[in-house]
Amino acid sequence: MSRHCVDIWNDCLKMIRDNTQPQSYKTWFEPIKPIAYQDGVLTIQVPSQFVYEYLETHYISLLRLTIRKVLGEAGRLEYSIVMDADHPFDIHIPSTDRTNTINPPVRVPIDFNNENNKEVMNPFVLPGINKIKVESQLNENYSFDNYIEGSCNRLARSAGLAVADKPGKTAFNPLFIYSPTGMGKTHLCHAIGLETKRHHPNLIVLYVNSEQFIQQFMSSCKNKTRNDFIHFYQMIDVLIVDDIQFLSGKTKTQDAFFHIFNHLQQNGKQLIFTCDKAPIEIKDMEPRLLSRFKWGLSADLQAPDEETRTKILKRKAYNEGIILPDEVIDYVASRVKTNIREMEGLLISLMAQSSLNKKAVTLDLARQLLDRFVNNSVQEVSIEYIVNVVCNNLNIQIEDFYSKSKKREMVQARQLAMYFAKKFTKCSLASIGQECGGKDHATVIHALKTVANLLETDKKFKAIADDIEKNIC
């Protein structure tokens with residue numbers, strides 16, 4: 001390595017260090033290596049295309065001034081990009097030219113050892129199949145036409161339509177949709193993807209479940225194609241990741257996902273995530289990812305009211321080509337309150353029983369099935385679901401519930417959640433306390449006694465508790 005180019009780059013770094021934050025300097029400039037200086041052109045080596053693009057986007061003015069000061073008006077800068085330490089290759093890309101303007105990146109084929117060109121692998125296809133169109137993996141049945149709007153989902157649905165109209169151009173980036181299971185998160189994110197493709201057919205839209213993402217990442221590590229995996233996802237225009245909570249505890253996968261997130265967000269691409277809990281409640285997730293989840297809009301899907309549940313059932317029956325008596329639909333909608341998916345499942349069971357037994361769907365048949373259904377499902381109520389119901393009834397934000405606030409309404413909400421968790425789940429008192437804000441065993445016992453006493457002495461409190469209980473069961 002020429003000693004002269006090292007001296008020149010060290011002089012550049014002195015100026016850069018004085019004009020950047022320490023963490024930014026360490027992240028973006030310390031990995032750079034000077035490799036050549038000839039005819040007024042300084043060539044530096046950067047570890048990836050992403051680093052090159054980030055420097056050109058965020059530090060181009062600083063680099064231009066630095067090169068001008070150290071090398072004079074005729075000085076120029078070139079990048080040598082090395083994307084894989086095992087297979088180095090050079091792409092010489094001019095940066096600051098003699099007129100102090102920046103040339104656009106030159107897209108040069110990647111050449112390994114002067115042999116076969118290597119393209120970024122698509123993790124959705126089998127190895128050896130070259131350049132196949134990226135399939136969006138969207139379910140055509142999950143469209144906005146089949147997504148019933150109600151007060152429970154209006155915010156998330158409206159945000160989804162705005163994102164589909166102008167992906168990456170709204171303040172809703174990322175769009176983070178969360179709710180307990182069965183509230184329609186997957187349907188909504190498919191609907192957003194389909195609507196985006198309708199408005200922007202040339203964009204690459206991809207839906208992927210986080211478990212599929214994890215498996216692909218593990219395969220890429222095993223096959224030593226991790227860079228290809230990351231580069232593939234960095235090509236996506238609208239990335240939809242379902243059930244993001246499954247990345248919890250998977251440090252290496254989170255690291256790869258962090259680089260994908262950064263690249264897409266900084267390049268104006270749209271990110272959409274679903275989760276079974278709010279960002280603040282996700283455990284074993286890197287803080288840098290959690291903070292990015294909060295950059296855009298976090299919208300929760302709540303349990304639908306009875307009117308919305310009735311509309312959902314009527315649309316489901318219509319789509320299946322089945323005519324059901326209004327009294328049956330009204331009965332099912334009034335009884336199944338916890339989960340849209342379970343409500344639709346009960347409707348399918350009714351239609352199946354009618355078809356197999358060659359009987360009409362009657363209110364009596366609905367009652368018989370529902371009795372068995374309710375008995376089997378009561379035990380499946382989770383503490384998380386109870387917390388959501390309590391917060392919805394009391395108009396309290398989930399974030400405030402889990403905060404350290406000792407305001408009377410917050411303390412009472414936690415006590416109610418603990419009381420109903422004890423009543424409707426088989427969880428231990430320690431587990432209930434942990435799930436209700438990290439409280440200890442003694443706090444839960446105190447909460448149970450307090451709520452029991454208020455139910456006997458305070459009529460207003462009892463009315464509130466009764467209303468919450470109806471929504472839980």
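1. Axes here are lines fitted to C-alpha atoms, for helices over the stretch in contact, and angles run from 0 to 180 degrees between N-to-C directions. Keep that in mind for the angles below. The model is predicted.

2. Start with the whole protein. It has 473 residues, and 48% of them count as buried. The protein holds 20 helices and nine strands. Its accessible surface comes to about 24,500 Å². Carbon and sulfur atoms hold 49% of that surface.

3. Consider the contacts along the chain. Take those with a separation of 6 or more: 71% of them come from residues 24 or more positions apart.

4. Next, the sheet. Five strands make up an open sheet, and the pairing is parallel. Read across, the order is β6-β7-β8-β5-β9. The edges are β6 and β9 (297-300), each of which pairs on one side only. From one strand to the next, the twist averages 15°.

5. Strand β5 (residues 175-178) runs parallel to β9, and four bridges join the two.

6. Strand β6 covers residues 205-209 and includes Val-208. Is Val-208 buried or exposed? Val-208 counts as buried, because its relative accessibility is 0% and the cut-off for buried is under 20%. Val-241 is 33 residues away from Val-208 along the chain. Even so, 5.1 Å separates the C-alpha atoms of Val-208 and Val-241.

7. Two helices lie across parts of the sheet. Helix α5 (residues 154-165) lies across β5, β8 (270-275) and β9. The angle of α5 to β9 is about 135°. Helix α9 lies across β7 (238-242) and β8. The angle of α9 to β8 is also given as about 135°.

8. Helix α9 has a helix partner to check as well. Two packed helices are described by the angle between their axes and the distance between the axes. For helix α3 (residues 49-58) and helix α9 (residues 251-266), the axes come within 11 Å and cross at roughly 40°. The crossing of α3 and α9 is left-handed.

9. Which residues make this contact? From α3 come Phe-50, Glu-53, Tyr-54 and His-58. From α9 come Asn-262, His-263 and Gln-266. By type, the residues of the contact divide into two nonpolar, four polar and one charged.

Definitions and conventions:
Residues numbered from 1 in each chain as written. Predicted model: local features only at pLDDT ≥ 70, side-chain atom pairs only at ≥ 80, totals over all residues. Heavy atoms only, no water. Buried < 20%, exposed > 50% of the residue type's maximum accessible area, 1.4 Å probe, protein only. Left-handed = near helix turned anticlockwise from the far one by under 90°. Contact = heavy atoms within 4.5 Å. Nonpolar A, V, L, I, M, F, W, Y, C, P; charged D, E, K, R; others polar. Areas by Shrake-Rupley, 256 points an atom, 1.4 Å probe, with all protein chains shown as cover. Pairing = 2+ DSSP bridges.
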